[in-house]
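Trainee: I've got a chain open and would like to go through it with you. Can we begin with how you count charged pairs?
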Amino acid sequence: MSLGVDGPEPGVGGTPDPQGDPAVDATARLRALAHPIRLRILSLLTASALTAAEIARELDLTHANASYHLRHLLAANMIEVAGEERIRGGTAKRYRYDASRDFDWRPGQAAGTPEATAGEAAPDPRLLYAALAAELRRRAAQVRRGPGNFLTDAEFWVDAETWAEIRDTIAEASARLHAAAKPPRTPGTSRVSATVALFRMEE
């Protein structure tokens with residue numbers, strides 16, 4: 001999952017809203033993401049299109065619970081229907097998450113419009129950060145000890161040019177990681193975790 005790189009407001013320099021639906025605002029997207037289960041679902045749907053039943057099996061959820069979280073993600077335009085297939089007694093939809101479009105999304109955009117509206121505040125991401133923290137605790141309990149892992153933490157002051165350069169470099173690496181995602185247990189792959197939260201702080 002990616003919330004993109006904070007930058008110019010949409011509409012400046014011709015930047016469109018990549019979600020294509022101005023009725024779905026940034027606050028709704030953040031609220032949809034502010035749940036650890038939905039973060040796990042997005043990770044699964046990055047690698048392949050899955051049905052609610054397949055997600056339920058992979059995450060050890062009930063079918064009803066998986067469908068509930070999928071509805072929230074779909075309503076916030078975070079995922080899309082990739083197709084349908086016939087199953088016993090009806091049809092099943094396959095869902096996917098296209099991470100590439102979110103790397104261009106601007107979290108600071110004004111809610112509900114493709115262009116900035118004066119006086120409209122950016123959404124508060126703290127609920128999402130809380131969900132990320134909970135998900136990180138779950139993953140940390142499954143860490144494989146040994147070489148190959150990397151951890152960094154920082155809270156300090158840097159100049160704006162350095163900040164922008166490092167932020168964009170990490171965003172590019174994150175895009176590459178998302179593009180390389182494979183379905184669970186694909187031969188030749190390893191299960192890995194990556195959580196990055198880069199943000200400016202109040203002075």
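Mentor: A salt bridge here is a side-chain nitrogen of Lys or Arg within 4 Å of a carboxyl oxygen of Asp or Glu. Keep in mind that this is a predicted model.

Trainee: How many salt bridges does the structure hold?
Mentor: The structure holds 7 salt bridges. One of them joins Glu-80 to Arg-96, with the closest N and O atoms 2.5 Å apart.

Trainee: Which parts does that pair tie together?
Mentor: Glu-80 is in strand β1, residues 80-87, and Arg-96 is in strand β2, residues 90-96, so the bridge ties together parts 16 residues apart in sequence.

Trainee: Where do Glu-80 and Arg-96 stand on accessibility?
Mentor: Glu-80 has 23% relative accessibility and counts as partly exposed. Arg-96 also counts as partly exposed, at 43%.

Trainee: What does Glu-85 pair with?
Mentor: Glu-85 forms a salt bridge with Arg-94, and their closest N and O atoms are 2.7 Å apart. Glu-85 is partly exposed, at 32% relative accessibility. Glu-85 and Arg-94 also belong to a network of salt bridges with Glu-54.

Trainee: And Arg-167, what is its partner?
Mentor: Asp-168, with the closest N and O atoms 3.0 Å apart. Arg-167 counts as buried at 17% relative accessibility, whereas Asp-168 is partly exposed at 37%.

Trainee: Now a charged residue without a bridge. What about Arg-40?
Mentor: Arg-40 is in helix α2. Arg-40 is buried yet has no salt bridge. The nearest side chain of opposite charge is that of Glu-135, 4.3 Å away.

Trainee: Why doesn't the Glu-135 pair count as a bridge?
Mentor: Because the cut-off for a salt bridge is 4 Å, and Glu-135 is 4.3 Å away from Arg-40.

Trainee: Which residues does Arg-40 touch?
Mentor: Setting aside residues up to four places away in sequence, Arg-40 touches Leu-59, Glu-135 and Arg-138.

Trainee: Let's step back. What is the order of elements in the chain?
Mentor: From the N terminus the order is α-α-α-α-β-β-α-α-α, which comes to 7 helices and 2 strands.

Trainee: How much of the chain is buried?
Mentor: Of its 203 residues, 29% count as buried. The chain exposes about 13300 Å², and carbon and sulfur atoms supply 53% of that.

Trainee: Which residues touch the most other members in the largest nonpolar core?
Mentor: That core has 27 residues, and Ile-41, Leu-45, Ile-55, Leu-70 and Ile-79 touch the most other members. At least two residues of this core come from each of α1 (26-33), α2 (36-47), α3 (52-59), α4 (63-75) and α6. Helix α2 gives the largest share, 6 residues.

Trainee: What is Ile-79 in contact with?
Mentor: Neighbours within four places in sequence aside, its contacts include Leu-42, Leu-45, Leu-70, Leu-73 and Leu-74. Tyr-95, Arg-96, Tyr-97 and Arg-101 are also in contact with Ile-79.

Trainee: Last topic, the outside. Which residues form a nonpolar patch on the surface?
Mentor: Phe-156, Trp-157 and Val-158 do, with about 430 Å² of accessible area together.

Trainee: Where does Trp-157 lie, and is it buried or exposed?
Mentor: Trp-157 lies in the loop between α6 (126-140) and α7 (160-179). Trp-157 is exposed, with a relative accessible area of 71%.

Definitions and conventions: Residues numbered from 1 in each chain as written. Predicted model: local features only at pLDDT ≥ 70, side-chain atom pairs only at ≥ 80, totals over all residues. Heavy atoms only, no water. Patch = residues over 30% accessible without salt bridge, like charges linked within 9 Å, V, L, I, M, F, W, Y side chains within 5 Å. Areas by Shrake-Rupley, 256 points an atom, 1.4 Å probe, with all protein chains shown as cover. Helix = DSSP H or I, 4+ residues; strand = E, 2+ residues; numbered from the N terminus. Buried < 20%, exposed > 50% of the residue type's maximum accessible area, 1.4 Å probe, protein only. Core = buried A, V, L, I, M, F, W, Y, C linked by side-chain atoms within 4.5 Å. Contact = heavy atoms within 4.5 Å. Lys, Arg positive; Asp, Glu negative; His and termini not counted.
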